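Dear colleague,

I am handing over a structure that will be new to you, and below it you will find an account of what turned up in it. Please read the notes with the structure open beside them.

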Amino acid sequence: MFYKSTRSNSQATALAAQIIKQGLAEDGGLFVPESIPALTEEEITALCKDTYPVRAAKILSKFLTDYTYEELLEDCEAAYDEAAFVGGAAPLVNLYDSMEILELWHGPTAAFKDMALQIMPRLLSRALKKTGEDRTALILVATSGDTGKAALEGYRDIDGVKIMVFYPVDGVSRVQKLQMSTQKGENVNVCAIEGNFDDAQTGVKVIFGDAAMAQKLNENGYFFSSANSINWGRLAPQIVYYVSAYCDLINSGKCKLGDPFNVCVPTGNFGNIFAAYLAKLMGLPVDRLICASNANNILTDFLHTGTYDRNRDFYLTMSPSMDILISSNLERLLYFTAGSERTAAYMEELKKNGVYTVSSDVKSAIDESFKGYFADEKETARVINEVYTKYNYLADTHTAVAISAAMQYVKESGDARPMVIDSTASPYKFANNVYKAVTKKTPTDDLAALDELAEATGTSIPYPLAGLAEREVRFTKVVHREEMANAVLEYLGI
């Protein structure tokens with residue numbers, strides 16, 4: 001399997017190890033496979049009998065063909081070890097009727113990013129060896145909250161790698177900030193920026209595209225790589241969620257082999273839902289892909305109108321991982337529906353004017369799979385309260401956005417097919433707002449909210465968040481977005 005850039009008409013020539021090491025294509029585009037491998041009903045039947053690590057290894061082996069199956073299985077079994085994923089990797093929990101919650105947050109940072117960022121460092125470590133790389137990889141990450149901590153934990157003390165995470169100083173929850181600022185590891189660094197997530201993400205992309213910066217790093221034995229979902233090594237493991245969920249639906253009798261089902265994903269950067277789209281292209285019988293947004297509903301508007309316009313107000317919400325106006329992975333969907341030439345043109349329009357409109361044939365192709373809905377702050381809080389009161393299910397703020405979108409879709413369409421709704425974080429990562437929604441009371445403070453939520457609901461604080469207030473704060477640096485490159489060089493001592 002060879003890979004190419006979303007913006008290039010040239011033939012695909014790069015293997016998986018190379019693009020996982022590299023992260024971003026030279027022309028600024030994202031790497032995509034030259035073709036989509038098939039997933040047959042016979043294979044799905046076999047996968048139903050497998051554990052999650054085996055399912056992951058089998059799916060990844062279709063895309064990462066320069067890795068052996070044995071290598072992938074070893075890495076998947078290590079990544080999804082029961083000690084790290086207490087409660088299991090990607091279990092399905094019935095909410096009510098045909099609504100199924102796919103809990104992706106049982107890993108070491110209590111967020112769904114663990115599902116990819118526990119396996120990705122292992123894939124990168126092998127990629128460095130496969131490509132004969134003797135320099136140190138510098139992983140740069142922009143985060144709206146969960147990716148940063150999951151990447152820091154995944155890459156902590158990995159040989160041949162250093163990692164630096166940037167986050168918006170006022171754009172993550174107190175719990176998320178503490179998780180990152182107290183991170184352990186000799187090869188990690190964390191820096192806040194004055195600005196929002198899009199500023200952080202744009203800043204990282206600018207650094208990646210700076211030839212002089214790359215040369216300076218090379219002269220000092222470093223090269224850039226990425227752990228954001230722009231990196232194929234981060235996105236490919238997400239395809240497994242949906243294949244595994246379908247296998248679990250079949251095993252539980254909720255679906256028969258070949259029956260279609262729907263997927264609803266709370267999304268900001270569009271990576272997770274795009275992975276579900278790839279699973280559909282492989283042959284998984286996904287019918288509708290419900291894209292759930294918060295008050296920053298740029299994706300909802302795009303799916304309704306075909307116009308992507310980032311020239312709008314930006315909101316800080318109780319679901320901060322979705323506070324994004326530049327959805328990077330949407331570029332991959334454009335590639336598969338519009339081709340590389342038009343994708344490159346759309347991305348240039350976005351860069352110059354902050355807006356583009358896809359042609360009618362592209363809009364029609366997207367409409368065949370996607371529907372978009374959003375939930376504002378009031379609706380998000382209402383849903384958290386409703387699902388706890390009615391179904392005794394405690395949902396975090398992002399999961400509540402997805403549940404709202406799923407409910408809106410079912411009410412509008414009458415579609416009764418099984419609906420897999422991604423739950424992307426433990427409710428304790430956003431305990432303040434969850435506690436307010438459930439009890440109608442204000443917690444003592446953000447950290448006390450963890451204990452108060454546990455007491456109010458009779459649930460347990462997950463192990464990654466227990467004792468968070470007592471951990472040593474290591475990283476306190478805050479810089480202007482224009483100073484991000486200097487902060488990188490300072491970290492490396494260059």
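How many bridges join strand 6 to strand 7, and do the two run parallel or antiparallel? Please bear in mind throughout that this is a predicted model. Strand 6, residues 161-168, and strand 7, residues 188-194, are joined by six bridges and run parallel, and within this pairing Val165 stands opposite Val190 of strand 7.

These two strands belong to an open sheet of five strands, whose order is 8-5-6-7-15 and whose pairing is parallel. Because strand 8 (222-226) and strand 15 (478-480) stand at the edges with a single partner strand each, one side of each is left without a neighbour in the sheet. From one strand to the next, the twist averages 30°. Helix 6, residues 120-130, packs on the sheet, where it touches strand 5 (136-142), strand 6 and strand 8, and the direction of helix 6 makes about 145° with that of strand 8.

Elsewhere in the chain, helix 13 (residues 298-305) has Ile298, Leu299, Thr300, Phe302 and Leu303 buried. The buried residues of helix 13 pack against several elements, including strand 10 (286-293), strand 11 (307-309), helix 14 (330-338) and helix 16 (360-367). After helix 13 comes Gly306, which has a positive phi, near 85°.

The aromatic residues deserve a paragraph of their own. A pair of aromatic rings is described by the distance of the centres and the angle of the planes. The count of such pairs comes to 18. One of them is formed by Tyr241 and Tyr242, which are tilted, with 5.7 Å centre to centre and 55° between the planes; Tyr241 and Tyr242 are both buried. Another, between Tyr246 and Phe261, is stacked, with 5.0 Å centre to centre and 20° between the planes. This pair links distant parts of the chain, since Tyr246 lies in helix 11 (residues 232-251) and Phe261 in strand 9 (residues 261-266), 15 residues apart, and both Tyr246 and Phe261 are buried.

Terms used. Residues numbered from 1 in each chain as written. Predicted model: local features only at pLDDT ≥ 70, side-chain atom pairs only at ≥ 80, totals over all residues. Heavy atoms only, no water. Pairing = 2+ DSSP bridges. Helix = DSSP H or I, 4+ residues; strand = E, 2+ residues; numbered from the N terminus. Axes fitted to C-alpha atoms, helices over the stretch in contact; angles between N-to-C directions. Contact = heavy atoms within 4.5 Å. Buried < 20%, exposed > 50% of the residue type's maximum accessible area, 1.4 Å probe, protein only. Phe/Tyr/Trp six-rings, centres within 6.5 Å; stacked < 30°, edge-to-face > 60°.
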